[in-house]
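Me: I would like to learn how to read a protein model step by step. Could you show me the structure and start with the idea of a contact?

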Amino acid sequence: MTDRIEIFTDGACKGNPGPGGWGALLRSAGESKELKGSAADTTNNRMEMQAVISALESLKQPSLVHLTTDSKYVLDGVKSWMPNWKKRGWKTASKAPVKNKDLWMQIDVLVQRHDVEWAWVKGHSGHIENERVDQLANDAIDEMQRS
């Protein structure tokens with residue numbers, strides 16, 4: 001495993017569903033990298049998940065990761081719900097298909113590749129890195145809408 005990498009992620013939507021964007025900030029050994037992307041018709045939860053996926057996919061080798069998100073959906077999904085969904089064949093306790101299964105499955109593969117420690121931060125609370133990734137997500141939406 002490489003040096004510890006800090007990752008901060010956020011997703012945003014203008015309407016839910018609607019145009020969406022995601023942002024990620026990666027830091028390690030004094031270096032930082034920003035990532036962002038967008039989708040024309042999506043949900044806030046999907047953008048939150050896409051931020052995590054894109055950040056983890058950008059790592060070139062298995063890494064020790066401290067990942068901070070303001071999404072309880074992502075955090076609860078990874079830490080609480082996903083193990084049971086997998087046991088039930090990606091079904092909820094009520095036997096309904098898991099929403100956003102495609103993205104959950106990608107996250108599942110990525111968290112097995114890396115050693116990820118998860119943290120939650122309250123969104124829009126002045127947390128510097130969370131505010132930055134929120135801005136990246138919104139910038140991605142604005143750029144998509146302009147083009």
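Reply: Contact means heavy atoms within 4.5 Å. With that in hand, L56 touches I7, V65, L67, L110, V111, H114 and V116, when residues up to four places away in sequence are not counted. Please keep in mind that this is a predicted model, in which local features need pLDDT of at least 70 and side-chain atom pairs count only at pLDDT 80 or more, while totals for chains, interfaces and linings use all residues. Residues are numbered from 1 along each chain as its sequence is written, and side-chain values use heavy atoms, with hydrogens and water left out.

Me: Which helices and strands does the chain have, and how many are there?

Reply: Helices (H or I, at least four residues) and strands (E, at least two) are DSSP runs, numbered from the N terminus. The chain has four helices and five strands, and from the N terminus on they follow the order β-β-β-α-β-α-α-β-α.

Me: How do I read the way in which the strands form a sheet?

Reply: Two strands pair if DSSP finds at least two bridges between them. Here five strands form an open sheet in the order β3-β2-β1-β4-β5, with mixed pairing. β3 (31-42) and β5 stand at the edges with a single partner strand each, so one side of each has no neighbour in the sheet. The twist averages 20° from one strand to the next, where axes are lines fitted to C-alpha atoms, for helices over the stretch in contact, and angles run from 0 to 180 degrees between N-to-C directions.

Me: What does the largest nonpolar core contain?

Reply: A residue is called buried under 20% relative accessible area, exposed over 50%, and partly exposed in between (1.4 Å probe, protein chains only). A nonpolar core is a set of buried Ala, Val, Leu, Ile, Met, Phe, Trp, Tyr and Cys residues joined through side-chain atoms within 4.5 Å. The largest one has 31 residues, and those with the most contacts inside it are I7, L56, L67, W104, I107 and W118. Its largest share, seven residues, comes from α1.

Me: Which residues of α3 are buried, and what do they pack against?

Reply: In α3 the buried residues are L103, W104, I107, D108, L110 and V111, and they pack against α1, α2 and β5.

Me: Is T68 buried or exposed?

Reply: T68, which lies in strand β4, counts as buried because its relative accessibility is 9%. Leaving aside neighbours within four places in sequence, T68 is in contact with I7, F8, T9, A119 and V121. T68 and N130 are 62 residues apart in sequence, yet 8.2 Å apart in space, C-alpha to C-alpha.

Me: What share of the whole chain is buried?

Reply: Of the 147 residues of the chain, 46% count as buried. Among contacts between residues at least 6 apart in sequence, 68% join residues at least 24 apart.
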